[in-house]
Amino acid sequence: MQALVERADGYRVALVASDKPEAAGLAWAQEHGLATWALSPKGIGKAAYEEQLDAALREAGAEVIALAGYMRLLSDAFVARWRGRIVNVHPSLLPRYKGLDTHSRAIAAGDAEAGCSVHLVTEELDGGAVLGQARVPVLPGDTPDTLATRVLVEEHRLYPRVLAEFVTQ
């Protein structure tokens with residue numbers, strides 16, 4: 001999220017939203033003068049949570065949703081309301097290694113390279129069109145953590161650039 005804010009070019013961040021009211025990113029966003037919204041879905045259910053999130057995004061004037069560190073699955077109904085306007089970054093070279101544990105899976109498979117992908121969000125987990133990718137070598141002795149650290153550097157480079165291209169096309 002911080003990389004998207006700090007490297008914004010051709011877009012402005014209308015709202016930083018989180019399902020974790022205690023998220024450090026919210027405090028950072030507030031310190032930088034950004035509008036924030038937070039609500040835990042616990043106790044209200046997914047549908048009610050997504051209705052309130054949708055209302056907050058629309059009230060803020062959001063036109064595109066850029067997910068960053070958001071680890072919840074969005075409902076098909078929410079994705080349909082924002083079809084073609086939700087992007088996400090995923091720590092693998094999609095379509096390989098959808099879902100979790102991407103770095104462990106790349107190492108276990110003996111892949112020579114790993115990386116990250118920015119993609120459109122669809123109802124299929126990590127299944128939308130890939131908008132851009134960055135590659136990093138898998139080095140001898142890599143652990144999931146060392147690989148994740150190098151991939152994260154590339155995520156912070158790739159995501160703001162691809163988002164800017166996406167919103168200005």
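**View 1. The second largest pocket has a lining of 17 nonpolar, nine polar and seven charged residues.** This is a predicted model. The pocket has a volume of about 750 Å³. Of its 33 lining residues, Tyr 70, Met 71, Asn 88, Val 89 and Asp 126 are the closest to its centre. At least two lining residues come from each of α1, α4 (76-81), β4 (86-90) and α6. Helix α6 gives the largest share, four residues.

**View 2. The largest pocket has a volume of about 890 Å³.** Its lining counts 35 residues. Nearest the centre lie Leu 15, Val 16, Ala 17, Ala 66 and Leu 67. Elements that give two or more lining residues include α1 (2-6), β1 (16-18) and α3 (46-59). The lining divides into 26 nonpolar, five polar and four charged residues.

**View 3. Asp 19 and Arg 72 meet in a salt bridge through their side chains.** The N to O distance is 3.7 Å. Asp 19 sits in the loop between β1 and α2, and Arg 72 in the loop between β3 and α4, so the bridge ties together parts 53 residues apart in sequence. Asp 19 has a relative accessible area of 8%, so Asp 19 counts as buried. Arg 72, at 35%, is partly exposed.

**View 4. Asp 54 forms a salt bridge with Arg 81.** Their closest N and O atoms are 3.8 Å apart. The pair links helix α3 to helix α4, across 27 residues. Asp 54 is buried at 10% relative accessible area, whereas Arg 81 is partly exposed at 34%.

**View 5. Glu 124 forms a salt bridge with Lys 98.** The closest N and O atoms are 2.6 Å apart. Glu 124 is partly exposed, at 46%. Lys 98 is also partly exposed, at 28%.

Conventions:
Residues are numbered from 1 along each chain as its sequence is written. This is a predicted model: local features need pLDDT of at least 70, side-chain atom pairs count only at pLDDT 80 or more; totals for chains, interfaces and linings use all residues. Side-chain values use heavy atoms; hydrogens and water are left out. On a 1 Å grid over the protein atoms alone, a cavity is a set of points where a 1.4 Å probe fits but cannot get out, and a pocket is an open set with protein on both sides within 12 Å along at least five of seven lines; lining residues have an atom within 4 Å of a point. Grid points are joined across faces, edges and corners, and a volume is the space filled by probe spheres set on the points. Ala, Val, Leu, Ile, Met, Phe, Trp, Tyr, Cys and Pro count as nonpolar, Asp, Glu, Lys and Arg as charged, and the others, Gly among them, as polar. A salt bridge is a side-chain nitrogen of Lys or Arg within 4 Å of a carboxyl oxygen of Asp or Glu. Buried means under 20% relative accessible area, exposed over 50%, partly exposed in between (1.4 Å probe, protein chains only).
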